[in-house]
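Here is a short report on helix packing and the nonpolar core. Keep the sequence and the structure in view while reading.

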Amino acid sequence: LIAPDPAISVGLFQLLEALARRRPSNCQHLFLSTLQTSWGFRHSPRVRRALACLIAWLYRCPSSRARFSHFPADAMKPIMQKQQRCAWLVAGEWTVPRVTHPDYERETGLTIGDGPVEDP
């Protein structure tokens, strides 16, 4: 998922973020293993910001959140900051507690243009 041109990686991460924003249940299908591995590597600041924003939205899904639990708190700080900046967009709790919760399948109506945008 990391392309030689940062613009391609950022665009791909924003597409995945848009899917994650729409419904927490989408998150479990969004290349979690690859994203988990990508977070552990160094990237340009622009790619890193886009990846952090995507992972912040993935955190709404309980199974996705568990995939990132092994990272130290310091490494996850940018993701938690993105989550705090976007939390006001979500009706109710940011994190869906379990897959049987009604919000897990509920359509949010959010798009990539709603809320804070990191890159043009």
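Which residues does D103 touch, not counting residues up to four places away in sequence?

## Basis

This is a predicted model, in which local features need pLDDT of at least 70, side-chain atom pairs count only at pLDDT 80 or more, and totals for chains, interfaces and linings use all residues. Residues are numbered from 1 along each chain as its sequence is written, and side-chain values use heavy atoms, with hydrogens and water left out.

## D103

D103 touches P24, A91 and V96, leaving aside residues up to four places away in sequence. Contact here means heavy atoms within 4.5 Å. D103 lies in the segment after α5 (73–86). Helices are DSSP runs of H or I, at least four residues, numbered from the N terminus.

Is D103 buried or exposed? D103 counts as buried because its relative accessibility is 15%. Buried means under 20% relative accessible area, exposed over 50%, and partly exposed in between, with a 1.4 Å probe and protein chains only.

## The nonpolar core

The largest nonpolar core holds 32 residues. W39, I55, W57, L58, F68 and I79 have the most contacts inside it. Four helices, α1 (6–22), α2 (32–39), α3 (45–58) and α5, each supply at least two residues of this core. α3 gives the most, with ten residues. Such a core is a set of buried Ala, Val, Leu, Ile, Met, Phe, Trp, Tyr and Cys residues joined through side-chain atoms within 4.5 Å. In soluble globular proteins, nonpolar side chains tend to be buried together.

Take F68. Residues up to four places away aside, F68 touches L32, L35, Q36, W39, I55, L58, Y59 and M76.

## α2 against α3

α2 and α3 pack at about 130 degrees, with axes 11 Å apart. That angle makes α2 oblique to α3. Axes are lines fitted to C-alpha atoms, for helices over the stretch in contact, and angles run from 0 to 180 degrees between N-to-C directions. Under 35 degrees counts as roughly parallel, over 145 as roughly antiparallel, 65 to 115 as roughly perpendicular, and the rest as oblique.

From α2, the contact uses L32, L35, S38 and W39. From α3 come R48, L51, A52, L54, I55 and L58.

## α3 against α5

α3 and α5 pack at about 65 degrees, with axes 8 Å apart. The two helices are therefore roughly perpendicular to each other. On α3, R48, R49, A52, C53, I55, A56 and W57 meet A75, P78, I79, K82, Q83 and C86 of α5.
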